[in-house]
Amino acid sequence: MAVTLCQVMGFVLGALGVAGIVAATAMDMWSTEDLYDNPVTSVYSYAGLWRSCVRQSSGFTECRPYFTILGLPALFQGVRALMIVAIVLGVVGVLIAIFALKCLRMGNMEDRVKATMTLTSGAMFIIAGICAIAGVSIFANLIVTNFALTSYTSLGGFGGSFGSTGFIGSPLTPRYTFGSALFVGWVAGGLLVVSGVLLCLACRGMMPEKRYDGTSYKAASGMYRSEGKSKTYNESYRAQSMDGRHSTQRFDYV
């Protein structure tokens, strides 16, 4: 019962984690504009992995997709790749985990096969969770680096001489902070790692115990078997009487 509960909980958490990764990858709010100490409040901009959007105070939102691939930074493309790999591994792991559930009977599938499938899905969930956490963390590091650079130059660094033209260092330069998609990705990656660990533990309980089928030593019975029948004697060994007739007396010659 505990093994089945552990397996079902791992499957449910894995499905939720995969759904969270898909949602985080499709969301546009990976980086949002920091409104603290920002003189321009009528325009609010945010960006995701696939497009950037601008929302005005009137409620009108305009989004522009990224029409280039080679023009994007290498780390940005790496984040995309990690999230896609996490989604693919997670979906495949969910499909395998469905057929490996102990509460479902499909044909004559043995427990050993289901245990192997459970271990495979658990490993996929763990790898997918690590990829998702790594991708979100790399993007968060990019935001922190850009935020620190923008804050330094806006305080009178090397970019302060540009004035108010909108370049880096001017008061009109927008600073970006963490968006909601980052937190969704972190939580989803953690759920995938936990679900993978639960499935690996369930696999250990589902594996049938190995028994040693030893054979007991039996001595050869032919060497020590005693004959139950009486010995047979040859008629030629019968003693002869004095008158030349065969006697009924028998002698055992050893």
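I looked up C203 first: it is buried at 6% relative accessible area, where buried means under 20%, exposed over 50% and partly exposed in between (1.4 Å probe, protein chains only). This is a predicted model, so I note that local features need pLDDT of at least 70, side-chain atom pairs count only at pLDDT 80 or more, and totals for chains, interfaces and linings use all residues. Residues are numbered from 1 along each chain as its sequence is written, and side-chain values use heavy atoms, with hydrogens and water left out.

**Cysteines**

How many disulfides does a search of the whole structure find? I get one, counting a pair of cysteine sulfur atoms within 2.5 Å as a disulfide. The partners are C53 and C63, with their sulfur atoms 2.1 Å apart. The S-S torsion of C53 and C63 comes out at about 105°, so I log the disulfide as right-handed. The pair links distant parts of the chain, with C53 in strand 3 and C63 in strand 4 (residues 61-65), ten residues apart. Buried or partly exposed, for C53 and C63? C53 is buried at 1% relative accessible area, whereas C63 is partly exposed at 30%.

C6 is in no disulfide, and the nearest cysteine sulfur, that of C200, is 9.6 Å away. C6 is buried, at 17% relative accessible area. Back to C203: it is in no disulfide either, and its nearest cysteine sulfur, again that of C200, is 7.0 Å away.

**Helix 4**

C203 is among the buried residues of helix 4, and I also find A181, L182, G185, A188 and G189 on that list. Helix 4 (residues 180-206) has 27 residues and reaches 39 Å from first C-alpha to last. That is close to the 39 Å expected at 1.5 Å a residue, the expected span being 1.5 Å times one less than the number of residues.

**Salt bridge**

I find one salt bridge in the structure, taking it as a side-chain nitrogen of Lys or Arg within 4 Å of a carboxyl oxygen of Asp or Glu. R51 and D28 make it, at 2.9 Å from N to O. R51 lies in strand 3 (residues 51-56) and D28 in the loop between helix 1 (2-26) and strand 1 (31-33), so the pair ties together parts 23 residues apart in sequence. R51 is partly exposed at 36% relative accessibility, while D28 is buried at 15%.

**S31**

S31 sits in strand 1 and is buried at 9% relative accessibility. Leaving out residues up to four places away in sequence, S31 touches Y46, A47, F139, I143, Y176, T177 and G179, a contact being heavy atoms within 4.5 Å.

**Whole chain**

I count five helices and five strands, in the order α-β-β-β-β-α-α-β-α-α along the sequence. The chain has 254 residues, and 30% of them count as buried. Of the contacts with a separation of 6 or more, 63% come from residues 24 or more positions apart.

Definitions and conventions
Helix = DSSP H or I, 4+ residues; strand = E, 2+ residues; numbered from the N terminus.
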